[in-house]
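Student: I've got a structure open and I'd like to learn how to read it feature by feature. Can you walk me through it?

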There are 2 protein chains.
Amino acid sequence: MSKEDKETKREEKARQKAELKALREKLMGQQQEIRAKGLPIIVLVEGWATAGKGSLINELISELDPRFYNVTTHRIDPEAESRYPFLYPYARAIPENGKIMIYDAGWMEDCVRKLMRREITKDEYKNRVRAVNEFERQLRDGGYLILKLFLDIDQDEQRKRIRAFRENFETEWRVSADDLWQHREYKLFRETYEAFMDKTGKLIPWHVLDGGKKTASACEALCLLTDMIDKALEKGRYVGKPFEEDFPLRKMPKLAAVDLSPALTDEEYREQLKKLQKRLGELHNVIYRKKIPVILCYEGWDAAGKGGNIRRIARPLDPRGFDVKPIASPEPHELARQYLWRFWTRLPRTGHICIFDRTWYGRVMVERLEGFCSEDDWKRAYNEINEFERQLTDWGAVVLKFWIHIDQDTQLARFNDRQNTPEKQWKLTEEDWRNREKWPQYEEAIDEMLQKTSTENAPWFIIESNDKKYARIKTLNIVIDALEKAIEARLA
Amino acid sequence: MSKEDKETKREEKARQKAELKALREKLMGQQQEIRAKGLPIIVLVEGWATAGKGSLINELISELDPRFYNVTTHRIDPEAESRYPFLYPYARAIPENGKIMIYDAGWMEDCVRKLMRREITKDEYKNRVRAVNEFERQLRDGGYLILKLFLDIDQDEQRKRIRAFRENFETEWRVSADDLWQHREYKLFRETYEAFMDKTGKLIPWHVLDGGKKTASACEALCLLTDMIDKALEKGRYVGKPFEEDFPLRKMPKLAAVDLSPALTDEEYREQLKKLQKRLGELHNVIYRKKIPVILCYEGWDAAGKGGNIRRIARPLDPRGFDVKPIASPEPHELARQYLWRFWTRLPRTGHICIFDRTWYGRVMVERLEGFCSEDDWKRAYNEINEFERQLTDWGAVVLKFWIHIDQDTQLARFNDRQNTPEKQWKLTEEDWRNREKWPQYEEAIDEMLQKTSTENAPWFIIESNDKKYARIKTLNIVIDALEKAIEARLA
């Protein structure tokens, strides 16, 4: 290299360092406004083994206030089969409003490696790619900024780096058997990475950075990030528009058309209850061993008998293998994240039964009617919820949804009974009376919900509960049928 | 059996069933008051394999409102060495105020099995027993009700049950290799269980129930539980009295006596910073491989330079292996639990570095001075914190605590600078000015904290930060020294 060339190179390097410094300061300057406006930001850093993801992330965060960002690393564990849906660790880690979450590799690496290892079939891979697109869109529509980076190096560069790491005792451990395997299969990996980016880059684009140029790629990443933030600060928080996708739906009757007269005698009830609970207990054993996750969703009118119904299901279950998750109004740290977050974080492990006492459908009922979210928000939710539930059933879960139904007269009688019975008074609140006044609006919302979200994979069941005994037996029968089918499907 | 005997037995059974029903109803009746008074309740169910822990728990919860209780199961994983302190899963699961948490086996089984397997030494076992006593006392002193049950069966009964399970294809899986091993080593297990109960039953007694008598033991458990609740509802929430235990303490100077003049030139700073950061980066590699957890605690005056100091430590670290946890005022779900809960849940995995930007010492500073807790609460905290930190260092963690120190003049100068510099204004709040007015009270509290909690295993370091450069270099040096020592100790 001539003296002049060296001089130019030195100048170029100094220029880049200055640019990097300026960009970092820009990001630092943006921190306060991001916090004030409550913008949540996701930076996904994917790329080749040894491409320098760690250093890139370090460059991004080095001047940031630690209260402002977090880094999450998801190690793919090839031995232990995951006990949760594949998006679970990423959904759990989404940032709260006003913060940045940096994913040190994430759903891309997860999908690509699993496919390459043949741990998932091509169909499962396709489902995962679809789920990734849904996940990203839902976050974007919920006001999240998402920056997706891929750090690229060619095979020669990777070889050099692997060698350099392995020559040094102190850094040798950084190259895993997995990384060596990737290096040997470099070509196939490149094809798969590119295909993945192709399939997931339409809505939220991928940015490929040159991993060989450390400072330049840090500058580019910071440039993209600060630009994205600038635009969002100018335009304000994005709210996605509703749209409808085709899901195979079951035809549901209007609530007004439901015959609420079915009832059981005490004797019929006792006899069937005993038999069905015994059967459910047996099935729970099988579910547990076959690692089938089960999600039972309860919604219903106040005083319809949700609690008693849930207890009859829970009674024969081994407490080690099930959980009831009561859903109250969201806490501040839950409100500060996309609305499905508090359900993602409550999902059961495989083989466990989770009973949700109220669910994510609050979005299209109470939140809709009380104005706790915008019209776009709840209208979008039908589709988002269908997607979410499809991700659960793709994972292998049995998802059943129960609307515990009574008529207005029955509710009034039960309210009065609660009011007049000291031990039951706590069950009745002012809010229950207020909700009762909005019965027609609720009925309209519930009818719409039942029409739009009773998918083949995660159907709704209307449970006639004017007679609680009938309601409990009907629910038990539905659960038992569904579990038997799921077990059969696993055996096939 | 004669006809009369049969008759007596039937009557006895009916009587027990009626008693069980009455007790369950009593507990149901207590629910509301427990909730209203915000009493948190822990029920620990330990016992022999096949003794019927699951059924007992089912009897306890069968009529309860699912919003009111939870069951947590901690499976002991003999293969995977835990990445957290052994109490971590139990501390994480403590209930919030007004709820019951039922532990389906817990810290007893964990301690006893680990000892029996020789996965921990006798000394480690002793430390764990001590930690269990500390953990239970801290919860009790924080107002938790704790009921500890042990389900007992003799070796013959266990043999029968294991056989019965194994004869049936559907239930065969319930008997693990571990259970068979326990059965073979029944005698040794009995001795160890009894010794454990002996060592941990003084403060909060153990209740041994006869696992052979299902209904009777459920009655007894419910009796104990409802009695305990009755008493607590009558007396009100318990607040533990402070007491002091001997910890080996380092002598700390009073803040007023600290010489704040040390300073570095820009050149000295740059040179040392580069060298020390390089070294810290190398050590981070080793820490990671040797799975040593590191916990760095930052406290200090407003504007003392905590943020900049933390960034200089974080700069050379691989973002995959460290985390900064900023501690703000507690959220509602955190306030509803024992005060150390929000720190237990933020502990790093082994091999990771966790930097706490403010810590559990808020209890004896801001919470003390602003009256956010009672005098007994903060006075008890010195001892509780020393115990907590000893549990961390017993686990193998390096725990270092930094008080970033400046004088009042320097703080005023920095406040004024922040006020006059638009980009820095956000760093200065009304609260900072208010806190400044309370400097003398804070100084007294801090002096007391430094005297009482600078233990040999988790020492405090006063970092003179009138010159921020000096402060950063001093902190880096302390961290490097401590990590080198910890690595050496592992090699020895």
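Student: Let's start with helix pairs. How close do the axes of helix α5 and helix α15 of chain B come, and at what angle do they cross?

Tutor: Keep in mind that this is a predicted model. An α-helix has 3.6 residues a turn, so residues three or four places apart point the same way. Here, the axes of α5 (residues 122–141) and α15 (residues 375–395) of chain B come within 10 Å and cross at roughly 145°. The crossing of α5(B) with α15(B) is left-handed.

Student: Which residues make that contact?

Tutor: On α5(B) they are B:N127, B:A131, B:E134, B:Q138 and B:D141. On α15(B) you'll find B:R380, B:E384, B:E387, B:Q391 and B:D394. Sorted by class, that contact has 6 charged, 3 polar and 1 nonpolar residues.

Student: Okay, on to the two chains. How many residues of each are in contact?

Tutor: The size of an interface is often given as the accessible area lost when the parts come together. What we have here is a residue count: 35 residues of chain A are in contact with 35 of chain B. Several elements of chain A supply at least two residues each, including α1 (3–37), β2 (69–73) and α10 (266–289). The most comes from α2(A), with 4 residues. The chain A side has 14 charged, 11 nonpolar and 10 polar residues.

Student: You mentioned β2(A). Is that strand enclosed or open, and what does it pair with?

Tutor: Count its buried residues: 4 of the 5 in β2(A) are buried, so the strand is largely enclosed by the rest of the structure. Its partner is β3 (residues 100–104) of chain A, running parallel and joined to β2(A) by 5 bridges. Look for A:T72, which stands opposite A:Y103 in β3(A).

Student: How would I check the length of a helix, say α19 of chain A?

Tutor: Compare the expected span with the distance between its ends. At 1.5 Å a residue, the 24 residues of α19(A) (468–491) should span 34 Å, and the end C-alpha atoms are 35 Å apart, so the two agree. Its buried residues include A:I473, A:L476, A:V479 and A:L483. The buried residues of α19(A) pack against α10, β6 (294–300), α11, β9 (398–405) and β10 (460–464) of chain A.

Student: And what does chain A contain as a whole?

Tutor: It has 19 helices and 10 strands. Of its 492 residues, 39% are buried. The C-alpha atoms of chain A fill a box of roughly 100 × 50 × 40 Å along the principal axes.

Key: Residues are numbered from 1 along each chain as its sequence is written. Chains are lettered from A and ligands numbered from 1 in the order in which they are written. This is a predicted model: local features need pLDDT of at least 70, side-chain atom pairs count only at pLDDT 80 or more; totals for chains, interfaces and linings use all residues. Two residues are in contact if their C-beta atoms, placed from the backbone, lie within 7 Å. Ala, Val, Leu, Ile, Met, Phe, Trp, Tyr, Cys and Pro count as nonpolar, Asp, Glu, Lys and Arg as charged, and the others, Gly among them, as polar. A residue is buried if 20 or more other C-beta atoms lie within 10 Å of its own, exposed if 12 or fewer, and partly exposed in between; C-beta atoms are placed from the backbone. The expected span of a helix is 1.5 Å times one less than its number of residues. Axes are lines fitted to C-alpha atoms, for helices over the stretch in contact, and angles run from 0 to 180 degrees between N-to-C directions. A crossing is left-handed if the near helix is turned anticlockwise from the far one by less than a right angle, and right-handed if clockwise. Two strands pair if DSSP finds at least two bridges between them.
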